[in-house]
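Subject: Structure handover

Hello,

I am passing this structure on to you, along with some notes on what turned up in it. Please have a look at the model first, then read on.

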Amino acid sequence: IDKSYPNIGSYLARDEEHYLVEVVSCKASKSFMIEKILDKEKIVKKNVYTIGDGINDIDMIRDYNGYRVSNSCKELVSVTDRVIDNVSDLISRISN
């Protein structure tokens, strides 16, 4: 897909039972959209925390105080060593 369509990015993920192909525009990402929201709302980058579990979360986790959930994909292990069980645990942690 990536070779035939240079404006598209694709990810192949697999768990024990399924294969998943995610196809997205190369111009779109969660990190890019967070940046746009920060600019529009005048939010300071250091005040943004993110949490994810998949390949499509890599940039967002790397760019914005990122955490991975304990059952995240293996690719996120090399991106962050900050692990959390769920969103409410992260909210509790950063609220203190």
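Predicted model: local features only at pLDDT ≥ 70, side-chain atom pairs only at ≥ 80, totals over all residues.

**Two positive phi values**

Most residues other than glycine have a negative phi. Lys42 is not a glycine, yet its phi is positive at about 60°. You will find Lys42 in the loop between helix 1 and strand 3. With a relative accessibility of 70%, Lys42 counts as exposed.

Asn65 also has a positive phi, of about 30°, although it is not a glycine. Asn65 sits in the loop between helix 2 and strand 4. Its relative accessible area is 24%, so Asn65 is partly exposed.

**Helix 1**

Helix 1 covers residues 30-41.

Which residues of helix 1 are buried? They are Ser31, Ile34 and Leu38. Looking down the axis of helix 1, you see these buried residues within an arc of 60°, which means that they line one face of the helix. The cover over them includes strand 3 and helix 2.

If you leave aside neighbours within four places in sequence, Ser31 is in contact with Asp59, Met60, Asp63 and Tyr64.

**Salt bridges**

Side chains of opposite charge can pair when their charged atoms come close. How many salt bridges are there in this model? The count comes to two.

One of them joins Asp57 and Lys30, with the closest N and O atoms 2.5 Å apart. This pair links distant parts of the chain: Asp57 is in the loop between strand 3 (50-52) and helix 2 (58-63), while Lys30 belongs to helix 1, and the two are 27 residues apart. Is Asp57 buried or exposed? At 2% relative accessibility, Asp57 counts as buried. Lys30, with a relative accessible area of 36%, is partly exposed.

The other salt bridge brings together the side chains of Asp59 and Arg62, at 3.5 Å from N to O. Both residues lie in helix 2, three residues apart, or about one turn of the helix. Asp59 is partly exposed, with a relative accessible area of 39%. Arg62 counts as exposed, at 54% relative accessibility. Asp59 also came up above, as one of the residues in contact with Ser31.

In what order do the three strands of the open sheet run? The order is 3-4-5, and the pairing is parallel. Strand 3 and strand 5 (83-84) are the edge strands, since each pairs on one side only.

Strand 4 (residues 66-69) pairs with strand 3 in the parallel sense over three bridges. Here Gly52 stands opposite Arg68 in strand 4. Strand 4 pairs with strand 5 over two bridges, again in the parallel sense. In that pairing, Val69 stands opposite Ile84 in strand 5.

In a regular strand the side chains alternate between the two faces of the sheet. For strand 4, Gly66 and Arg68 point one way, and Tyr67 and Val69 point the other way. All four of these residues are buried.

Over to you, and enjoy exploring the model.

Best wishes

Technical notes. Residues numbered from 1 in each chain as written. Heavy atoms only, no water. Salt bridge = Lys/Arg side-chain N within 4 Å of Asp/Glu carboxyl O. Helix = DSSP H or I, 4+ residues; strand = E, 2+ residues; numbered from the N terminus. Buried < 20%, exposed > 50% of the residue type's maximum accessible area, 1.4 Å probe, protein only. Arc of directions from axis to C-beta. Contact = heavy atoms within 4.5 Å. Pairing = 2+ DSSP bridges.
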